[in-house]
Amino acid sequence: MAEEKKFSGSNRPARKQSVPERKELPASQRRHAAKLSNDAKPNTNGRPRPNVNEGGQNARRNNNSNGSRPNGQGGQNNNRRQNNNRNANANTGRPMMREKKSWSTKPREGQINYSAQKDDSLKEYVSENNKAKQAKQQAAQKPAAKKPAAKPAAAQTVAPAGQAKTDGNAGTGRFGGSLASGNNSARNNTRKRNTNGTGQQTPRRNDKPHGSKKARRIAAKQAPKKPVTVRKEQPLPEVLEYKVGMNVQDLAKLLHRDATEIIKKLFLLGVVTNQNQSLDEDTIEVLAADYGIEAKQKEEEDVADIDRFFDDETINEEALEPRAPVVTIMGHVDHGKTTLLDYLRKTNVTAGEAGGITQHIGAYQARLNDKLITFLDTPGHAAFTEMRARGANVTDITVLVVAADDGVQPQTIEAINHAKAAGTPVIVAVNKIDKEGANPEQVMNELMAHDLVPEEYGGDTIFVQISAKFGKNVDQLLEMILLEADVLELKADPTQPARGSVIEARLDKGRGPVSTVLIQQGTLHVGDPIVVGNTYGRVRTMTNEKGHDIDAAKPATPVQITGLNEVPLAGDRFIVMADEKTARAAGEERAKRAREEVRNAGSVVTLDTLFNTMAEKAMKTVPVIVKADVQGSVEALTGSLKKIEVDGVRVDVVHSAVGAINESDVSLAEASGAIILGFNVRPTPFAKSQANNDKIDMRFYSVIYDAIDDVTAAMKGQLEPVYEEKVIGQIVVKELFKFSKVGTIAGASVEEGKITKDSKVRIVRNGTVIYDGALASLQRGKDAVNEVKFGYEFGFTVNKFNDIQPGDTVEAYIMEEVKPK
Ligand SMILES: Nc1nc2c(ncn2[C@@H]2O[C@H](COP(=O)(O)OP(=O)(O)OP(=O)(O)O)[C@@H](O)[C@H]2O)c(=O)[nH]1
């Protein structure tokens, strides 16, 4: 049962200590008490009655704070419990939710204890009041007591710890059982409210405090505080692995600490920051040191760096297997490289080649005694120097073809140097030994001067005399290659994801970018996500050199693949990635960086480069756009064009790509004033008509030499004309004729050569040039003439010079344009 509290008018606490002593209640209070006494009748309708008039002045004053929120539920107001209960609505059994002041039932020191005073009227009042109160409480408890009994479980659930329970414990709770009685009790017990396990009911939407500001403030003070979530204390990590730029929140997670704790710590360390501010390396390290742990900067993986897969040897020694040697054939033009490969492949590439030059790198495999040899078909023309160099970089062995009837030539030496630079052993194939005039001994002697000493002369270079045309000793050459490969112990790990290099790439009309790649490590599978140079994709199809579809390719195998987004460059490296997403990210990042590189290279001017840049700007350029059928040709042509040496003029390749000449090429040509050079390609119909309209110069070639010659001529035409002085005649002044109208006319004779009307004249007196200028008039007799030849006499005047004397000699000369060499 609810603890019964006496509410007596005489029990009214003093609001101030200095309340004057009174013998009896004032008339007004007695009147009020009497009114209350009348009101304090049991509530028969079961509904809560407002307590506005209950409790006399106290009750009225407390009415303001009789909100819906239980006061002191959170257990903060234990010391006020009695007051609350005293102030509880007697009708409802509900506690006074808020109070304006903490009232004590016991008089404090210096206070007057009204209750102790003898006052019969008050006693009477109290007794009546108590009876009325009891009656009211009993009436109020009746309906409330039913519901909790009907739903004890619910009541158990909702009754927070420390609150009165509605069963047999009613009246012993914090609110003296008031929760268990009346309508509040019924509501609280029938509706589940989330207590979040804290014992505190979560506030309802309308649980706003009412009353004056002050009342709200006090209520807020007394309101149960939100439970503080206690972070599970986890131990600090041994090492703080951080990234530069992390903020306090990030570090808080890593350190298992509260962000505010870190902010405080940093503040004490002299760093004022907030949760979101990025922190530098030093700050993070100092913080870690303060926590007494080690800080280690996390190395961010550069997804675009595919070279690391080539540098970091992650090869499993146990998985290594012997692989085919990769052989590059090098040599001077027409010494028989293609014929040798032809023989090996039993095809006839030579006949189909325009201009008789191999235009791009191909790769093929030859088999001898069940052993494979991979050949890279590198061209011999000087234009392909870069490609040869690239070929040598993926090469294990270089076969140097030297025609026995032609001997060592410039490109033979160049090939030797490339092989030396790449560190690959050289096997010399002395070719065309079938030919009349072939002198293999001579070739051997010449090569010895380049450190290629035959074994029979005590050196370590293998020489094989062959006839590629007739296949003589070609098998012997293959044997020697395999022998050398054995010495090199060539092995690879086929178990890892494939990586290698692009040998050749082109754009196929139907299949998109088609690339010949050489696998250097691992096994390449159809479907592999792949990054190639600055592009990426998934291996859609894979074919071997015979054009057969294959599913997997092991190390040292050249295969043609499709499925890339763009045409890569010959020599680009490729790597198979874990998934397509990573491949895409890497490819896109690489492409972005490549674009930035190009942009920066074109625009950055530093003080160091300023002079050069200015000088460069003063140069005349021949802008060209190069389009070709294969990447190798693009590179060969652009490389050759850049090497053209004409003083004061350089080629500016504004764009180069594989594929037909399209509209965007024509637009670019118009914008940049470029000539379009098409190598084995033609324009699309649209591009053709656009080029006609825009008067764009498009030229088509199938031989690189022709393209280079044309551009060289164009470049020479671009040069400023150079003039040289050419003396055409010697004249001696004989006498002077003075005319008032025209001035002095010199009479002279042509002693050597001639003089023309356009001649310039240099007047020399006593060996000194006294005047250099142009003729004003040239005449014979009274007639003006264009030219006076040797032996004739004539008259002349000089522009702006009137001091000519008999005996002066005159050099007649002209400025003649000199063609650039
Ligand atoms: N008699 C004879 N002629 C040969 C031999 N090898 C090549 N030839 C001829 O030499 C010429 C040039 O041969 P290629 O194989 O095209 O020479 P290459 O070195 O590939 O030339 P480029 O592709 O221009 O670098 C062709 O006419 C061949 O038929 C040979 O062993 N004997």
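Colleague: Let's start with alanine 636. Is it buried or exposed, and why?
Modeller: Alanine 636 is buried, because 28 other C-beta atoms lie within 10 Å and the cut-off for buried is 20 or more. Do keep in mind that this is a predicted model.

Colleague: Got it. Which helix is alanine 636 found in?
Modeller: That residue belongs to helix 20, which covers residues 631–643.

Colleague: And how far is alanine 636 from isoleucine 704?
Modeller: Their C-alpha atoms are separated by 8.2 Å, while along the chain the two are 68 residues apart.

Colleague: Let's zoom out. How many helices and strands does the protein chain have?
Modeller: There are 23 helices and 30 strands in the protein chain.

Colleague: What share of the 821 residues is buried?
Modeller: Buried residues come to 37% of them.

Colleague: And what about contacts in the chain with a separation of 6 or more?
Modeller: Of those, 70% are between residues 24 or more positions apart.

Colleague: New topic: which strands close into a barrel?
Modeller: Six of them do, in the order 11-12-17-15-14-18, with antiparallel pairing. From one strand to the next, the twist averages 45°.

Colleague: Which residue is the bridge partner of valine 514?
Modeller: Threonine 562, in strand 17, is the partner of valine 514.

Notes. Residues numbered from 1 in each chain as written. Predicted model: local features only at pLDDT ≥ 70, side-chain atom pairs only at ≥ 80, totals over all residues. Pairing = 2+ DSSP bridges. Helix = DSSP H or I, 4+ residues; strand = E, 2+ residues; numbered from the N terminus. Axes fitted to C-alpha atoms, helices over the stretch in contact; angles between N-to-C directions. Buried ≥ 20, exposed ≤ 12 C-beta atoms within 10 Å, placed from the backbone. Contact = placed C-beta atoms within 7 Å.
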